[in-house]
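I open this notebook to record what I looked up in one structure. The entries follow the order in which I consulted it.

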Amino acid sequence: MNERDALAVALVRAIESSDRERALWSDADRSWASRAAAEVVGEGASPDAFLARRARLASERLGERHPPLVKALHALRWRSWVGAALILLAFIAGFAIDRMDAGLRINVLAPPVLGLLAWNLAVYLLLLVRPVLNAGRRGERAAGPLARAVMHAAASADRWTRQASGGAFGALGPAITAFTAEWSRCIAPLYNARTARILHLAAAALAAGVLAGLYLRGLAFEYRATWESTFLDAATVHRILSFVLAPGALITGIEVPSVEALAAMRTGAVPGSENAARWLHLIAATVAVVVIVPRLLLGLGAAALERHRRTRVKLPLSEPYFQRVLRGFHGGPVRVKVVPYSYRVPPESLTGLQAVIARAFGGSAALVVSSPVAYGDEETLPKSTQPESTGVVIALFNLAATPEREAHGRFVDALRGPSTGHPVLLLI
């Protein structure tokens with residue numbers, strides 16, 4: 001199921017699970033949604049197709065009646081421009097980083113250069129060890145930053161709904177809270193992949209912005225390379241830079257200057273004595289190899305995973321709610337036979353009984369109430385009390401009657417006899 005359909009399913013599920021008083025969505029509405037969806041998708045459709053169509057039909061009708069639900073639904077839809085905007089902001093931030101002082105110098109030991117490389121290497125290390133750290137928690141659905149943000153927004157949406165409705169929709173606030181919480185849990189794997197894609201591409205954009213800023217400024221100004229340190233000498237600096245800039249040196253063929261050249265560049269000896277062009281090339285090539293290319297590859301991998309999860313959102317179909325909704329679609333309307341024992345069901349109780357059956361077995365359940373079994377006739381049940389081939393039998397007792405093992409117990413045993421393989425439920 002795709003993301004948009006899963007969002008609608010989560011909304012309808014939240015309404016049908018939280019609205020116990022049927023103030024927002026009646027039993028007749030639920031039956032209509034199931035019937036209409038089954039007619040549209042046909043008998044051979046998959047459960048996901050049926051649930052998606054049913055959710056779309058239900059959400060449209062719910063939105064007409066309760067506009068705040070439409071706002072909540074739209075608020076939780078992902079906007080693709082958000083990711084693009086964050087990546088663009090990362091590029092602008094990188095472009096704006098100024099590592100040069102008023103003297104137009106580039107310090108080859110400046111923390112932003114080494115920090116950019118160290119940060120990305122730390123991220124790669126974390127990506128390698130994370131599967132090991134999460135090995136004992138494979139059954140858990142970890143919610144990423146976006147999923148947690150959505151859950152935080154749930155409380156805000158609930159408060160906003162209560163204030164906007166002025167109390168007109170008493171059940172609407174809890175329904176929206178349940179909707180956002182359920183959606184956050186269901187969509188967490190997708191949001192984690194989406195977050196990874198944005199972060200990887202934003203990191204690549206940040207590094208690209210840094211390089212673009214350096215080269216663009218270098219067209220209009222001549223920057224001079226230098227370095228300064230309280231604790232490091234030229235030989236130590238040479239070893240550090242040879243290691244850090246090794247990828248750039250390998251790609252460009254430009255060697256890191258010798259110890260003597262580095263000593264001459266040091267501030268206080270011959271300040272700014274070297275044009276910074278070759279240092280810019282070494283830094284740019286190193287950043288491209290260590291940061292930009294790996295981050296782009298990781299971003300593309302996360303994008304592929306996001307695309308896969310976006311079109312294959314998994315629903316917990318084994319949960320009672322989905323089993324109840326799908327029961328009528330899979331096997332047609334459930335036939336429920338109610339057999340009263342020494343009790344004739346009054347009309348007002350029959351109405352309540354129909355409501356109970358509809359909520360337990362779906363609005364399309366077919367209810368048949370047989371003639372009451374008289375006291376003492378429990379061992380010779382008439383044929384009309386036997387269940388249908390694929391039905392359910394309910395033994396109905398009057399709360400005012402005193403339970404007797406010899407009477408009521410035998411009645412239940414008698415119903416279980418011919419109903420082998422069929423559920424027999426007791427209702428008082």
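Entry 1. I began with Ser342, which is partly exposed at a relative accessible area of 44%. I use buried for under 20% relative accessible area, exposed for over 50% and partly exposed for what lies in between, with a 1.4 Å probe and protein chains only. Ser342 sits in the loop between β4 (335–340) and α14 (347–361). Its phi is positive, about 50°, although Ser342 is not a glycine. I noted for comparison that most residues other than glycine have a negative phi.

Entry 2. I recorded the basis of these values: the model is predicted, local features need pLDDT of at least 70, side-chain atom pairs count only at pLDDT 80 or more, and totals for chains, interfaces and linings use all residues. Residues are numbered from 1 along each chain as its sequence is written, and side-chain values use heavy atoms, with hydrogens and water left out.

Entry 3. I looked up Arg22, which also is not a glycine and has a positive phi of about 60°. Arg22 belongs to the loop between α1 (3–18) and α2 (27–41). Is Arg22 buried or exposed? Arg22 counts as buried, because its relative accessibility is 18%.

Entry 4. I then took the protein as a whole. Its secondary structure comes to 15 helices and seven strands; helices (H or I, at least four residues) and strands (E, at least two) are DSSP runs, numbered from the N terminus. Of the 428 residues, 40% are buried. Among contacts (heavy atoms within 4.5 Å) between residues at least 6 apart in sequence, 82% join residues at least 24 apart.

Entry 5. I examined α2 against helix α3 (residues 47–65): their axes come within 8 Å and cross at roughly 135°. α2 is therefore oblique to α3. Axes are lines fitted to C-alpha atoms, for helices over the stretch in contact, with angles from 0 to 180 degrees between N-to-C directions. Under 35 degrees counts as roughly parallel, over 145 as roughly antiparallel, 65 to 115 as roughly perpendicular and the rest as oblique. The residues in contact include Trp32, Ala33 and Ala37 of α2 and Phe50, Arg53 and Leu57 of α3. By class, the contact of α2 with α3 holds eleven nonpolar, one polar and six charged residues. Here Ala, Val, Leu, Ile, Met, Phe, Trp, Tyr, Cys and Pro count as nonpolar, Asp, Glu, Lys and Arg as charged, and the others, Gly among them, as polar.

Entry 6. I turned to Phe329 in helix α13 (residues 320–331). Phe329 is buried, with a relative accessible area of 13%. Its C-alpha atom is separated by 6.5 Å from that of Ala38, 291 residues apart along the chain. Neighbours within four places in sequence aside, Phe329 is in contact with Ala38, Val41, Gly42, Glu43, Ala45, Ser46 and Phe50.

Entry 7. I checked helix α4 (residues 67–75) against helix α8 (residues 172–220), whose axes come within 11 Å and cross at roughly 20°. α4 is therefore roughly parallel to α8. Pro68, Leu69, Ala72 and Leu73 of α4 meet Leu172, Ile176 and Phe179 of α8. That contact has seven nonpolar, no polar and no charged residues.
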